[in-house]
Amino acid sequence: MKFENLPKVELHCHLDGCLRVDTVLDIIEKEKIAVDSKEYEEMKKILVVPDDCPSLDEYLKRFDLPVKLMQSRENLKRIAYELIEDVSKENVKYIEIRFAPLFHKEKGMKVPEIIESVIDGLKEGERDFGVKSNLILSLLRHMPVDSVYEVIEGGREFIGKGVVALDLAGGEVEGFAKAFEEPFKLGRKYGYRVTIHAGETGFSRNVKDAIELLGAERIGHAVAIEKDKEVYELVRKKNVTLEMCPKSNVQTKAVKEYEIHPIKKFLDDNLNVNLSTDNRTVSNITLTEECNKIDEIHSLSKEDFKKIYLNSVEGAFCDRDTKEWLLKEIL
């Protein structure tokens with residue numbers, strides 16, 4: 001089956017993991033940033049994780065340079081706009097892009113200005129390429145808990161105006177959710193929806209905590225629930241959408257290889273599976289390529305693809321009009 005021209009919905013995509021190599025080189029040149037090499041292939045090695053990446057922590061190092069370059073309104077807007085252009089080329093109809101505003105304060109920008117810059121790029125991209133989008137604000141597990149309030153408060157004015165949800169991301173340790181219970185309670189009160197990175201590196205109980213303590217409606221990755229019957233059934237019972245990114249999981253060693261990735265099992269068990277890229281540049285993947293790989297190994301039928309699409313529309317944090325428009329694209 002040819003997936004490229006089929007309509008798609010992406011729910012788990014990090015802005016700072018999707019910079020074009022040419023854009024990185026251009027910004028480096030304009031801002032006179034010192035780097036070891038300005039050759040395209042050498043820069044690509046800095047931005048793209050190797051297939052033999054040993055861990056999630058090593059994977060996360062690929063974000064160091066992109067974040068350094070994302071410290072101005074102009075650069076944030078440009079990078080957001082270019083991502084919309086890139087996904088339009090494979091018929092992505094709707095995308096939710098996430099990023100961590102606290103990473104972009106090095107040159108004095110405040111959180112609202114940072115968020116507004118990205119939204120401006122997304123809106124301009126929708127105007128030019130027809131791709132609808134929303135923004136998820138990522139909070140960071142490795143930073144002091146009190147720091148998350150700066151993002152929750154700073155993004156509040158944009159809820160329903162480009163911002164739809166809060167995320168919690170970064171290196172995963174067991175039992176992280178408890179410390180963030182109060183901030184997420186406040187966020188939900190303000191109207192933020194909730195998605196949480198959990199169960200990525202072996203801790204299935206983190207998925208349970210994310211749902212019960214933080215109010216997660218969606219879980220990023222969640223591969224660890226495969227062998228935990230209690231959490232598996234909780235995900236089913238609560239209709240939690242699973243944002244699955246197989247290539248990323250293989251690269252971070254959350255899963256040893258594509259052949260044993262649980263995405264097809266979850267799909268066959270009627271869990272609400274979404275298929276996403278995680279980081280298009282860092283993982284060197286498009287959504288079409290991810291579909292092709294899953295099809296090659298697990299035989300992704302047309303009905304399977306349709307099920308993923310419908311799951312994604314149902315789990316999306318967009319408004320009802322957008323959902324109805326998305327449904328017309330495949331029904």
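Colleague: Are Tyr59 and Phe63 buried or exposed?

Modeller: In this predicted model, Tyr59 and Phe63 are both buried.

Colleague: How many aromatic pairs does the rule give?

Modeller: The count comes to 4 aromatic pairs. One of them joins Tyr59 and Phe63, whose ring centres are 6.2 Å apart.

Colleague: Why is the pair of Tyr59 and Phe63 called tilted?

Modeller: The planes of Tyr59 and Phe63 stand at 55° to each other.

Colleague: What makes the pair of Tyr232 and Phe266 edge-to-face?

Modeller: The planes of Tyr232 and Phe266 lie at 70°, and angles over 60 degrees count as edge-to-face.

Colleague: Where in the chain do Tyr232 and Phe266 lie?

Modeller: Tyr232 belongs to helix α10 and Phe266 to helix α12 (residues 263–268). They are 34 residues apart, and the pair thus links distant parts of the chain.

Colleague: Why is Tyr232 called buried?

Modeller: The relative accessibility of Tyr232 is 6%, and the cut-off for buried is under 20%. Tyr232 therefore counts as buried. Phe266 is buried too, with a relative accessible area of 0%.

Colleague: What places the charged end of Lys293 over the ring of Tyr258?

Modeller: The charged end of Lys293 is 5.4 Å from the centre of the Tyr258 ring, and the distance part of the rule asks for within 6 Å. Arg156 likewise lies over the face of Tyr190, at 3.7 Å from the ring centre.

Colleague: How do you know that strand β7 is covered on both faces?

Modeller: Strand β7 comprises residues 241–244. Thr241 and Glu243 on one side are buried, as are Leu242 and Met244 on the other. In a regular strand the side chains alternate between the two faces of the sheet.

Colleague: Which strands pair with β7, and what makes each a pairing?

Modeller: Strand β6 (residues 218–221) runs parallel to β7 and is joined to it by 3 bridges. Strand β8 (residues 272–275) also pairs with β7 in the parallel sense, over 4 bridges. At least two bridges are needed, so both qualify as pairings. Glu243 in β7 takes part on each side: Gly220 has Glu243 as its bridge partner, and Asn274 in β8 is the bridge partner of Glu243.

Colleague: Why are Val173 and Gln251 classed as they are?

Modeller: Val173 has a relative accessible area of 51%, and exposed means over 50%, so Val173 is exposed. Val173 is found in the loop between β4 (163–169) and α8 (181–190). Beyond residues up to four places away in sequence, Val173 touches Phe203 and Asn206. Gln251, in helix α11 (residues 246–251), has a relative accessible area of 2% and is therefore buried. Among the residues that Gln251 touches is Tyr59.

Methods. Residues are numbered from 1 along each chain as its sequence is written. This is a predicted model: local features need pLDDT of at least 70, side-chain atom pairs count only at pLDDT 80 or more; totals for chains, interfaces and linings use all residues. Side-chain values use heavy atoms; hydrogens and water are left out. Buried means under 20% relative accessible area, exposed over 50%, partly exposed in between (1.4 Å probe, protein chains only). Helices (H or I, at least four residues) and strands (E, at least two) are DSSP runs, numbered from the N terminus. Rings of Phe, Tyr and Trp (its six-membered ring) pair if their centres lie within 6.5 Å; planes under 30 degrees apart count as stacked, over 60 as edge-to-face and the rest as tilted. A charge sits over a ring if NZ of Lys or CZ of Arg is within 6 Å of the ring centre and within 35 degrees of the ring normal. Contact means heavy atoms within 4.5 Å.
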